[in-house]
Amino acid sequence: MYPKKRQNNKTAAEDILDYNFVNDLKESPIPASLDENRRILKEMFNDCSDIVIRPFVIEKNIQALAVFIDGLVISDVLDDALRSLMILEGNESEIDRIVETALPVSQIQTADNYGELLLGILGGDTGIFVENHDRAILLGIRGPETRSVDEPSSESLVRGPREGFIENLRTNTALIRRKVKSPRLKMKPLVVGKHTNTNLVVSYIDGLADPALIDEVVQRIELIDIDSVIESGYIEEMIQDSAYSPFPQMQYTERPDVVASALLQGRVAILVDGTPFALLAPTIFLQLMQAAEDYYERFQIGTLLRWLRYLFLFMSLFTPALYVAITTFHPEMIPTSLLLSVSAAREAIPFPAVIEALIMEIIFEALREAGVRLPKSVGSAVGILGAIVIGQAAVEAGIVSAPMVIVVSITGIASFTIPHFNGAIAIRMLRFPLLILASLFGIFGILLGTMIILGHMANLRSFGVPYLSPIGPTKWSDLKDALIRSPQWNLTTRPSFLGVQNPVRLGQELPEEIKQNNGLKGQHISHPHANNRQGGTQDDQGKE
């Protein structure tokens, strides 16, 4: 209910207290009476032991009131601010004089309605009321009680920055600002969640990102009408293009360097207060197979690692299905000696190959989930030892065959090579329907499932960008950073499928010189032995 007009039989205090959500109060003005404000606040925050309502007196016996949440403000700074309050001589109102000259706080703003006032106080600001004034002061002295910036656990690298996002929004935006030192880096604030009033920031680089993309992201977020937003996953699930697709259409990351790189490509980042995971849009499938380390190592290593990931991607998706299809329908595809070994291993197994595969896959997924939920000190040990012990016991009991244990183990290891967890989850989910199709139709079932998956991916969009870009539709200039990773000096343009306003990222002078000379060569450096490499230096010849 939005109290836009006060009923005749209601006082100002009753009108303000008649609300459902804080946003409903943005049209409820702050009363000029300090006693009425005190009564409103005490009734509004009844049974809230962490709310502090502290009356005090400003110079010349002017009554005032400070309201803050214990634990969300810096107590020392608040004490200094209250101690320094004074009224200077002049014609200006007391509120203006306090804001301009009396408070030693860098972030100060005023509010003329209870909606903005409560959003500030509940977010960690301190509200100050002054007698006979219908405005309140908000002091930005929020406490820094958050964990320190540390290396992200979900995206560890051998070479690269060791800093990751934390749960504080302003710290996260500062980490990005440190890497992109440009006034064109924009941080558009939004608030989502009628009860949580969660702050988030839509970040982009003005002049690079497509304005239509920015408007689309902002409009989708503004359409969200929900009670609470606790984590960025709420936002991702609500604004993605295809709600029922198993493939993620937004990338999330804990790394400021990944966000900075994405912004410089022309993408948009969404940072949510209370979570270290930032969202990046749009996202294509090939980006889920790329890691930040690809760009920090030499391009030969980056390309090799990408090929390795794609190889294990196919192994993770197709290995169990191929084993079931070949052993059930196409045994002639197996060499005779291997076929005899597999047949001997499966001779005493009472289940068909598909049931055997499902049992092992489900057990492996359960062990992986248990390893994640257990304490870190024992989680990895339980996962490894559990897989070994259960696998060995299952083989000895005759429930599954030894080749099936090997197949499931290779499949599990292969899924760990996918850099992004949401991409690996999609592959793990698709493994099961392919397994069922392989048990029904053999290789033809796998081909049918592959065609369905590729057809779905071809029709999928992420904020209007085709999911298989730049392969489908093909853009040759973008393939330099797709299946391979070209040298940095050869990546002269940004991805064209993003519709960026400025496609050029690198000048032509250095790439041209490298191409002409097959490298820089150091020809302009004067080396001691450069003049006479065959017979020694001139000084040596003179001595002879």
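Leaving aside neighbours within four places in sequence, I find S486 in contact with F299, K480 and L491. I note for all these entries that I am working from a predicted model.

I then asked where S486 sits, and found it in the loop between β12 (465–466) and α18 (509–517).

Next I looked up N422, which has its place in helix α16, a helix made of residues 421–441. Which residues does N422 touch, once its neighbours within four places in sequence are set aside? I listed E236, P248, M250, Y252 and L288 as its contacts. I also checked F247, which lies 175 residues from N422 along the chain, and found their C-alpha atoms separated by 7.9 Å.

Staying with α16, I turned to its packing against helix α11 (residues 299–328), where the angle is about 20° and the axes are 8 Å apart. That angle makes α11 roughly parallel to α16, and I recorded their crossing as right-handed.

For the residues that meet, I wrote down L313, S316, L317, F318, P320, A321, V324 and A325 on the α11 side, and I427, L430, R431, L434, L435, A438 and S439 on the α16 side. Sorted by class, this contact of α11 with α16 has 12 nonpolar, 2 polar and 1 charged residues.

Note on methods. Residues numbered from 1 in each chain as written. Predicted model: local features only at pLDDT ≥ 70, side-chain atom pairs only at ≥ 80, totals over all residues. Heavy atoms only, no water. Helix = DSSP H or I, 4+ residues; strand = E, 2+ residues; numbered from the N terminus. Contact = heavy atoms within 4.5 Å. Axes fitted to C-alpha atoms, helices over the stretch in contact; angles between N-to-C directions. Parallel < 35°, antiparallel > 145°, perpendicular 65-115°, else oblique. Left-handed = near helix turned anticlockwise from the far one by under 90°. Nonpolar A, V, L, I, M, F, W, Y, C, P; charged D, E, K, R; others polar.
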